[in-house]
Amino acid sequence: MLPELTSAALSSGYYLLTLNGSVLAACVALICVYALTRRADTRRPPGPAPKALIGNLTDVPSGGNEWLGYAALARKYASDVVYFTVLGTHLLVINSFEAARDLLDKRGALYSDRPRLVMIKELMDWEWNLILMSYGKLFLAYRRTVQQEFQPTNVAELHHPVMTREVIAFLGRLLSTPDNLVEHLKHMAAAIIMMVTYGHQVESIHDTYVALAEAVREHAESRPGVEIVDMLPILKYLPAWFPGASFQREAAIARDLSFRMRTEPFKMVKERADAGRSVPCMATRLLSQDLQIPDGISQDDFVKNSCGVVYSAGADTTAAALRNFTLAMMVYPEVQKKAQAELDQVVGRDRLPTFEDRAQLPYVSKVVKESLRWKAVSPLGVPHATLDRDEYQGASIPKGTTVLANIYAILHDKSVYFSPDSFNPDRYSPSPGKPEGEPDPARAAFGFGRRICPGRFFAEDSLFLTIASMLHVFAISPPEGTTATKVYDSVKWSSGLVSHPTAFPFIITPRFDTAPSLVHAVQASC
Ligand code: HEM
């Protein structure tokens, strides 16, 4: 559940101005910025020529599918990195595996900061959140802690039992009300995360803590773009009553929600512990450890913030990937049938798939990979920023440059993936000229370098079990009277850190007669 500001906002670091009483101040700033940037005559990476005053403001793709716009510019300038300058700030967009590896992986020491983002980090108080946190000692401490919790052994030992229980509950709900797939996916993703993080059982999508986390997301989503304060950080000192400072009032509401979202479930964990009713979870594990916490932050705050990031990063991303998978199964029925044949052979019809079946389900595992590649969940990733100036391919990249990895373009690069728009799990099998198959999309879908997603093993495992179970129990098809192609053509993907498909119609029915009784029997034995 990363906040879904428009990509012209958070994902690029270039912000739509919310026009208000401060326009005059903005104009003055523009002129100053222009005067400052005019003297920059250093060679920059390829990109559109900047215009007077506004630089590349009108060249930065906006209005939807920005990842395609950036990829088109990369083709136009025959370069896998494209550079823009807007109002004195710098943006570099990476469009190939090779450049992402060169810059974000190999030069991680330089490319692992996050942009400043005055409104969301400083005024809405999201600086506590590892996803947006600036690089430094505190970041490294949080990163170590979250990474440790979600490393593969922990995921297998501590999280697999929770995933198994919640996937079975999800199948039961889907049998009862198949039309509510989207709600059930959200419920399942939230339930897994809340149990793993706080030992809290989510009984309904209206759960208090889930509702709070969703309110934070909706609040961020409803914002039209980042305010003028991102361009003129000095405005952050304006009082809320000052004309044009409505951003201060919005920030106050968001700040309160963000505080409650990470404080209230943590308080519940502490109260349960005091009452001798602790439930094993990330929060209790961290509270019982001798953590290396930097000076100036209490153990409670450190644990609270480490846990608070998990829902905000993990719930929405997983649900989006599963919606893309559902669409793909409708559009590619032959893939669905092939995966189901494998499940019939390996699992049979008397039980549900488990993690232990994974090695015997290579095709289903490839469906999981392809679901991450086909429609990248985070098409432009989370913006990195440079900590110092750098040189790449003979061009200079300034300190403080916002760096976007165009994950979508990387995963749809025709020189790497044959017919990249097709959903084809067989692409990962060895073939003449590609003895190892096409590259695992996880190498890009989860980002790069020192900021690579620490939840990737957890995400891949929960996707595997959900996808294997859905394919085993259900048949997914387009509704009568329409075709999968028509459904696909009607779908749009949202901009933002997490890209969701718009609602689409589908039919989900049990795949064999005994499927419902099988699910109910397994549920009863849990
Ligand atoms: C399909 C599911 C997921 C996808 C596609 C995904 C993708 C990403 C991407 C692209 C990034 C940015 C990496 C970068 O800056 O280069 C990221 C960061 C992050 N993800 Fe995930 N993620 C997923 C699930 C999860 C889950 C389940 C968790 C929690 C357990 C999680 C926790 C995080 C955190 C904490 C960060 C910030 C890391 C940092 O800034 O150092 N993600 N994720």
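Predicted model: local features only at pLDDT ≥ 70, side-chain atom pairs only at ≥ 80, totals over all residues.
Me: How do you know that the span of helix H10 agrees with its number of residues?
Reply: A helix is a DSSP run of H or I with at least four residues, a strand is a run of E with at least two, and both are numbered from the N terminus. The expected span is 1.5 Å times one less than the number of residues. For the 29 residues of H10 (246-274) this gives 42 Å, and the end C-alpha atoms are 42 Å apart, so the two values agree.

Me: Where is the kink in H10 centred?
Reply: The kink is centred on arginine 260 and amounts to about 25°. That angle lies between axes fitted to the seven residues ending at a residue and the seven starting there.

Me: What makes Cys453 a donor of the iron atom?
Reply: A donor is an N, O or S atom within 2.8 Å of the metal (3.2 Å for Na, K and Ca); water is not among the atoms, so sites may look incomplete. The SG atom of Cys453 is at 2.3 Å from the iron atom of the ligand, and Cys453 is its only protein donor. An unreviewed UniProt entry also places the feature "binding site" at Cys453. Such annotations may be inferred rather than shown by experiment.

Me: Why is cysteine 453 called partly exposed?
Reply: Buried means under 20% relative accessible area, exposed over 50%, and partly exposed in between (1.4 Å probe, protein chains only). Cysteine 453 has 25%, so it counts as partly exposed. Cysteine 453 lies in the loop between helix H16 (442-445) and helix H17 (456-473). Leaving aside neighbours within four places in sequence, its contacts (heavy atoms within 4.5 Å) are Arg143 and Phe446.

Me: What makes alanine 78 exposed?
Reply: Its relative accessible area is 72%, so alanine 78 is exposed. Alanine 78 sits in the loop between helix H3 (66-76) and E1, with a positive phi near 45°.

Me: Why are strands E1 and E3 said to stand at the edges of their sheet?
Reply: Two strands pair if DSSP finds at least two bridges between them. Four strands form an open sheet of mixed pairing, in the order E1-E2-E6-E3. E1 (81-86) and E3 (384-385) each have a single partner strand, so one side of each is left without a neighbour in the sheet. E3 is antiparallel to E6 (402-405), with two bridges between them, and alanine 385 has threonine 402 as its bridge partner in E6.

Me: What joins E1 to E2, and how do the strands run?
Reply: Six bridges join E1 to E2 (89-94), and the strands run antiparallel. Tyrosine 83 is paired with leucine 92 in E2. The two strands form a hairpin with two residues between them, and leucine 87 in the turn has a positive phi of about 50°.

Me: Why is E1 called largely enclosed?
Reply: Six of its six residues are buried, so the rest of the structure largely encloses E1. Val81, Tyr83 and Thr85 point one way, and Val82, Phe84 and Val86 the other.

Me: Which residues form the covered face of strand E7, and which the uncovered one?
Reply: In E7 (474-477), Phe474 and Ile476 form the covered face, Ala475 and Ser477 the uncovered one. E7 is joined to E8 (507-510) by four bridges, and the two run antiparallel.

How values were computed
Residues numbered from 1 in each chain as written. Heavy atoms only, no water.
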